[in-house]
Amino acid sequence: MPRRPTHPPADAASAANSSSAAKPVTLPVTPASPDLPTALLGGLSPSQFMRRYWQKKPLLIRQAIPGIEAPLSRDALFELADQDEVEARLITHFRNKWQLEHGPFAPDELPSVKQRAWTLLVQGVDLHDDRARALLDRFRFVPDARLDDLMISYASDGGGVGPHFDSYDVFLLQVKGKRRWRISAQKDLTLRPGLPLKVLQNFEAQEEWVLEPGDMLYLPPHIAHDGIAEGECMTCSIGFRAPSERELTAQFLYHLAERGEAAGKSGALYRDPQQPAVATPAQLPAALVERVGSILARVKWNEQDIASFLGTYLSEPKPSVVFDPPQRPLNDARFVSAASKQGLRLDRKTNLLYERRFFFVNGEEMAWHGAKKWLFDLANCRSMSAKRFVTLSHDSSVTALLHEWYCAGWIQVGELA
Ligand code: SIN
Ligand code: CO
């Protein structure tokens, strides 16, 4: 199912927080070694999985997470779908007719759970719930720059989104009830015309399985698939961002222009002292086209510009994201004292990336002179122990920076469990 609805996100100023801000995080998040076999990948190591399956072919993993429970109950998911800043979609297939509606959905706007053949998709649940975030973190053997979000779907019996294909990689993890998945590597990806959602015209399943809680199906882009609930069910879909070449190019040029790097001589204005008088004023002068061509030919960039662009672009929070700064923030000294006892963690909405010379936090680029191991560790583990914080607390530039992030709601006191 395409992950980004085309409608702009609703005003998120009233960002309410869902259930779990104060609840303990129960799943480990420290990235495991990529060479250790893991049940999550059916006994393969992340390295083996990436080599053999990633972007290549599907993989069914029975009991990837045995005993898994849905990060949210059905009712909590419905509550989330009623919030303005949450992207939710309702897909119904009543009387053989596909329909799509965008949220938010008040409880009485959703069909009864006893009614067959409907599904509710809630995007970006990781931004609203720590357990969902922790589940997403299990997939950080893929770089954060590619990890997009965790979507949860609820389906009544017979519900699904129809046979379709996606343009990104996805792990479909069954977390409640059963779903029958049918997949196909077919070349014919023609869509049924005139429908509000992407449904394949000619779907011919090649393989088929019923997934139970804990089972997971990995699909690379463009594998046709159709998942139909057998009884009511919930599925988590862990999806990976894949910007198109066109989007990357447009965004990069915008990035250059914003920084003034594409502006040629600083602030120089276009000049045309040789422009003769014309009798055809509507005609675009050939000399203008030529002159602008030579200005554009001078636009240059280097590898650092590309890294800066990618770091800021990929760490930029989604438009609907609003951080929740502490209502009564601790002052600098109290913050240092609290973090020295309890450690720190990144807020579940924070994106922190780094490369050789810069790091990028929530769309902002910052330079560090020399490697800062603590920063790399914080970015990779999304958490810092109290002990580690103490070793840094003599450096007021570090504590001031972390205090600033804390005041912005980008980090929280208390390390991840
Ligand atoms: C998908 O097919 O991409 C997920 C749809 C769902 O969870 O129903
Ligand atoms: Co899909």
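**Entry 1: the model.** I noted first that this structure is a predicted model.

**Entry 2: the sheet.** I looked up the strand order of an open sheet and found three strands arranged as β11-β12-β13, with antiparallel pairing. I recorded β11 (352-354) and β13 (364-367) as the edge strands, since each pairs on one side only.

**Entry 3: the pairing of β12 and β13.** I then examined strand β12 (residues 358-361), which runs antiparallel to β13 and is joined to β13 by four bridges. Which residue of β13 is the bridge partner of Phe359? I found that Met366 is that partner.

**Entry 4: helices on the sheet.** I traced helix α6 (residues 303-315), which packs on the sheet and touches β11, β12 and β13. The direction of α6 makes about 20° with that of β12. I also located helix α8 (residues 373-381), which lies across β11 and β12 and runs at about 130° to β11.

**Entry 5: an annotated span.** I consulted UniProt, where an unreviewed entry places the feature "domain: JmjC" at residues 131-257. In the model, residues 131-257 are 16% helix and 39% strand, and the end C-alpha atoms of this span lie 40 Å apart.

**Entry 6: helix α5.** I checked the length of helix α5 (residues 286-297): at 1.5 Å a residue, its twelve residues should span 16 Å, and its end C-alpha atoms are 17 Å apart, which agrees. How many of the twelve residues of α5 are buried? I recorded a count of zero, so α5 is hardly covered.

Note on methods:
Residues numbered from 1 in each chain as written. Chains lettered and ligands numbered in written order. Predicted model: local features only at pLDDT ≥ 70, side-chain atom pairs only at ≥ 80, totals over all residues. Pairing = 2+ DSSP bridges. Helix = DSSP H or I, 4+ residues; strand = E, 2+ residues; numbered from the N terminus. Contact = placed C-beta atoms within 7 Å. Axes fitted to C-alpha atoms, helices over the stretch in contact; angles between N-to-C directions. UniProt positions renumbered as here; feature names shortened; annotations may be inferred. Expected span 1.5 Å × (residues − 1). Buried ≥ 20, exposed ≤ 12 C-beta atoms within 10 Å, placed from the backbone.
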